[in-house]
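Please look over the chain shown below; the briefing that follows moves from the chain as a whole to selected residues.

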Amino acid sequence: MRVSVCVNTFHRPQTLGQLLEDLAALQGEPTLSEVVITDNDAGGSGRATVEAAMDKVPFALIHQIEPEQNISLARNRGIHRATGDWIGLLDDDERVAPDWLAQKAAQAARSSADGVFGPVEQQIPDDAPAWMPRDGGSLHGYAPLTSGTVMPANMLFSGNVLIRKAVLTGRDGPFDPGYGLSGGEDADLFNALRRNGAHFVWCAEAPAIERLGPERMQQTWFLTRSRRGAQDYALQVLDGVYGPVSASTRLRLGLDAAAKWLIAVLGYTALRLTGAAPPQTFAWRRKVAAQLGKFDVLLGRGRILEYQKKPAAK
């Protein structure tokens, strides 16, 4: 198993450097062959971090630039540059344990899998606001799975993955640039591969730990992300990502969103009135925001472009 890890980066030199330190400290088999850093900043703001690490890592380290601001194009550039027959996908604000790759590879062998996904757990600072759960895994809102479980369609994200390159490149792109500023490109691709027969499983023993920057200490950040994620989901339902589309698909999506919105509003209101703990009430507020995202798509309102970033100030 020859493994390349691909990382997109954008104005996060400090956390990128820490991730490279973690990858250099990986232990066990297989060993990591190379790390491909794709900088989605035309000015190459991650170059100095990569160059400083080159003499300190036991693998080939590549830095390249995708000048067009588009997360899908950056992912695609990294994948096509990588030479491994397996590709690891991590984010530039994550950290991994020394056995991360060994655990992923062992699970791939046990399950004869084409791809191994794992949890992304947020590192909650001690001074986090009262509304934020202290359990970092709960912020994504997904129930934990047992290792070896076949991946459900709604949990196919790119923040912590090991996947066969031959499967990953089974579609042109492979990530769709149409999702390059909004996000959702990962669920779109991985579900397409799943429908084509790719076997994806879970590995609970290989989490990635995500650091929460100051911008993520705001409720508005999480509410916007919940709404944007639901926009992506609704678009993909209507595009057939989750199954065949019929004349009633739009109606069923709308009825489902309306019912869940009403339940979420009632749940949030009840918790507020009864003085429930702030993390509980905020969780229901995020559910309200998610249903609004589905309505955005159904009503033709504009999409949230989460990855449309302004250049860093010089």
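**Briefing on the predicted chain**

Of the 314 residues in the chain, 49% are buried, where buried means under 20% relative accessible area, exposed means over 50%, and partly exposed lies in between (1.4 Å probe, protein chains only). The model is predicted, and local features need pLDDT of at least 70, side-chain atom pairs count only at pLDDT 80 or more, and totals for chains, interfaces and linings use all residues. Residues are numbered from 1 along each chain as its sequence is written, and side-chain values use heavy atoms, with hydrogens and water left out.

**Overall fold and surface**

- The secondary structure comprises nine helices and 10 strands, taken as DSSP runs (H or I of at least four residues for helices, E of at least two for strands) and numbered from the N terminus.
- The radius of gyration is 20 Å, close to the 20 Å that the globule rule gives for 314 residues, so the chain is as compact as a globular protein of that length; the radius is taken over C-alpha atoms, and the rule is 2.2 Å times the number of residues to the power 0.38.
- Along the principal axes, the C-alpha atoms fill a box of roughly 55 × 45 × 40 Å.
- Among contacts with a separation of 6 or more, 81% are between residues 24 or more positions apart, a contact being heavy atoms within 4.5 Å.
- The chain exposes about 14,500 Å², of which carbon and sulfur atoms supply 55%, as computed by the Shrake-Rupley method with a 1.4 Å probe.

**Cis peptide bonds**

- The bond from Glu29 to Pro30 is cis, with omega near 0 degrees, and Pro30 is found in the loop between helix 1 (13-24) and strand 2 (32-39).
- Gly173 and Pro174 are also joined by a cis peptide bond, with omega about 5 degrees, and Pro174 is placed in the loop between helix 5 (165-168) and helix 6 (185-195).

- His11, in the loop between strand 1 (3-9) and helix 1, has a positive phi of about 60 degrees although it is not a glycine, and His11 is partly exposed at a relative accessible area of 25%.
- Ser112, in the loop between helix 4 (100-111) and strand 6 (115-117), has a positive phi near 50 degrees and is exposed, with a relative accessible area of 56%.

**Lys260 and its surroundings**

- Lys260 belongs to helix 8 (residues 249-274) and is partly exposed, with a relative accessible area of 39%.
- Lys260 and Lys287 are 27 residues apart in sequence and 8.0 Å apart in space, C-alpha to C-alpha.
- Leaving aside neighbours within four places in sequence, Lys260 is in contact with Gln291 and Lys294.
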